[in-house]
Amino acid sequence: MTAYLIGIDGGGTSCRAAVAGSNGNILARAQAGPANILSDPDTALDNIASATRAAFYAAGINARSIASARAVLGVAGNNVGEAVHYVKNRLPFAEADIESDGLIALQGALGDKDGAVAILGTGTIYISRHCDTVTYTGGWGFTVGDLGSGARIGHALLQESLLAYDGIHVMSAMTASVLAEFKNDPRNIVEFARQAKPGAFGRYAPRVFEHIKRGDAVAARLLKEAAVSVDEALDRLVARGTQRICLLGGLGPLYSSWIAARHQSLLVTPEGDALSGAVALAVSRFGPLKAIE
C-alpha cells in the first residue's frame, strides 16, 4: 500500500484538502464547508473528513487509505490547547499535526526560504521566518487590532458616511452610496454596526477600492490611512531582518501599489498557496513512509 500525505487548510468559510504521494506530489484537491475548531469543532471534524474523502475520490484512491495517511492541518485557533486536543483525538488519520493557518501560508508562499507573509483579509497578521525561527506579529482581532484589515476599512467607511451625513466631512460618491444603501437614515447604520461582526464590516472594504478607481478622494484617503498601518508592521519585520515579503489574503494584491516604495521593492510572488504549504510540511514531517497495514 502507498502511504499518502494530506494537507488541510481549514478556514471559517471553507475547508480545503489535498492528497499527495509520499514525495509531496499533489494528486487531487477538494473542498467542503467551514472548519472552525474553536466555535464548532464537531462541524470542523465533519468537513475535514468530507474534504479529505472528496480529494481521495477525485484522485481515484479508495477512502479506506485515509486511515493510514498522515496529515498536517493549518487552522485558526491552533494555540488553544483544549480545542486542538479535542480535534486531534478525533481525526481519521494515522498521525497528524495541527498548525496555524498562517504557518502553512508562509510555507506555501516562501517554501523553505526566509522572509515574511502579510495576510491581509478581513483581519491582518504577519508571519516571518529567519534562520528557522518563526515569529507572529499582530493578529489580535478586530476589537483591539487588525489595523489595515478589510474589517477596519469597512468600519472606517461607515464612520466616514456618518461624518458626511452630519456635514462634518465632505460627502463623496462613495459615502453617498453607503447612505443610500441604508435608506439615508443614519440610525440604520448605527443599528447595523451595533450587531455587526468583523466579516460584516469587511464586506464594505471592496467598495473603497472600487471608488478609488473612480477617483473618489475620500476612498483614497481611507486607503492611505490603512496602508500606513500595514507599512508600520512591515517596518517592524524589516527591522528584524526580513528581506522578502509576500502579500496574501483577499486584500494582499490590492495593497501592493499602496504600501511604501521601500516595501514594494521587497515584494515577491508567492510560490504556492496555503494548501501546498500544508502538504510540504507533511512531507518534511512524515514522508516518505510506509503505510500502516
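**Helices and sheets of the predicted model**

Helix α4 comprises the 16 residues 150-165, which at 1.5 Å a residue should span 22 Å, and the 23 Å between its end C-alpha atoms agrees with this. The expected span is 1.5 Å times one less than the number of residues. Helices (H or I, at least four residues) and strands (E, at least two) are DSSP runs, numbered from the N terminus. The model is predicted: local features need pLDDT of at least 70 and side-chain atom pairs count only at pLDDT 80 or more, while totals for chains, interfaces and linings use all residues. Residues are numbered from 1 along each chain as its sequence is written, and side-chain values use heavy atoms, with hydrogens and water left out.

The buried residues of α4 include Ile 153, Leu 157, Leu 158 and Ala 164; buried means under 20% relative accessible area, exposed over 50%, and partly exposed in between (1.4 Å probe, protein chains only). These buried residues of α4 pack against α5 (173-181), α6 (186-195), α7 (198-202), α8 (205-213), α9 and α10 (252-255), where contact means heavy atoms within 4.5 Å. Just after α4, Gly 167 adopts a positive phi of about 80°.

Strand β4 (residues 70-75) is mostly covered, with six of its six residues buried. On one side lie Arg 70, Val 72 and Gly 74, and on the other Ala 71, Leu 73 and Val 75. Strand β4 pairs in the parallel sense with β1 (residues 5-10) over six bridges, and also with β5 (residues 95-100) in the parallel sense over six bridges; two strands pair if DSSP finds at least two bridges between them. Gly 10 stands opposite Val 75 of β4, and Arg 70 has Glu 95 of β5 as its bridge partner.

A separate description applies to the open sheet of four strands, which has the order β8-β7-β6-β9 and mixed pairing. Strands β8 (133-138) and β9 (245-248) stand at the edges with a single partner strand each, so one side of each has no neighbour in the sheet. Neighbouring strands of this sheet are turned by 15° against each other on average, direction ignored. Axes are lines fitted to C-alpha atoms, for helices over the stretch in contact, and angles run from 0 to 180 degrees between N-to-C directions. Within the sheet, β6 (residues 115-120) and β7 (residues 124-130) pair in the antiparallel sense over six bridges, and Val 117 has Ile 127 of β7 as its bridge partner. Helix α3 (residues 101-110) packs on the sheet, touching β6, β7, β8 and β9, and its direction makes about 120° with that of β6.
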